[in-house]
Amino acid sequence: MTTTELKYSMVEMITKVADKSAIEELFQLISEFLSDLNQNFEAKMTPEQVEDLQESVEESFDTENLISHDSVMKKYEKWSTR
């Protein structure tokens, strides 16, 4: 199975669960799993990489640093045609 197929299969399985407490338990489990992934990701980074990432996130809130979707698509349109 591809990654996308696995994701859709997981969603299908979850939608079949009717018990609210079971869904809440799944939600908690998935939330903790994703939190651990994020923490492990950052733990593997050097202090410089963490600093650069934090700086990039902060800069992303400044609208002057944003590039429009159309600009990006125009710049990379040669890559999307075969």
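Mentor: F27 lies in helix α2, which covers residues 20–43. Helices here are DSSP runs of H or I with at least four residues, strands are runs of E with at least two, and both are numbered from the N terminus. The model is predicted, so local features need pLDDT of at least 70 and side-chain atom pairs count only at pLDDT 80 or more, while totals for chains, interfaces and linings use all residues. Residues are numbered from 1 along each chain as its sequence is written, and side-chain values use heavy atoms, with hydrogens and water left out.

F27 has 57% relative accessibility and therefore counts as exposed. The classes are buried for under 20% relative accessible area, exposed for over 50%, and partly exposed in between, with a 1.4 Å probe and protein chains only.

Helix α2 also holds E24 and K20, which are four residues apart and so separated by about one helical turn. Their side chains meet in a salt bridge at 3.8 Å, N to O. The term requires a side-chain nitrogen of Lys or Arg within 4 Å of a carboxyl oxygen of Asp or Glu. By this rule the count comes to one salt bridge. E24 is partly exposed at 45% relative accessible area, and K20 is exposed at 59%.

The secondary structure comprises five helices and zero strands, in the order α-α-α-α-α. The radius of gyration is 19 Å, well over the 12 Å that the globule rule gives for 82 residues, so the protein is more spread out than a compact globule. That radius is taken over C-alpha atoms, and the rule is 2.2 Å times the number of residues to the power 0.38. Along its principal axes the C-alpha trace spans about 45 × 40 × 25 Å. Buried residues make up 2% of the 82 residues.

Helix α3 (residues 47–60) contains E48, which is exposed at 52% relative accessibility. E48 gathers with E51, D52, E55, E58, E59, D62 and E64 in a patch of negative charge on the surface. Such a patch joins like charges within 9 Å, or nonpolar side chains (Val, Leu, Ile, Met, Phe, Trp, Tyr) within 5 Å, using residues with over 30% relative accessible area and no salt bridge.

Notes
Areas by Shrake-Rupley, 256 points an atom, 1.4 Å probe, with all protein chains shown as cover. Lys, Arg positive; Asp, Glu negative; His and termini not counted. Charge placed at Lys NZ, Arg CZ, Asp CG, Glu CD.
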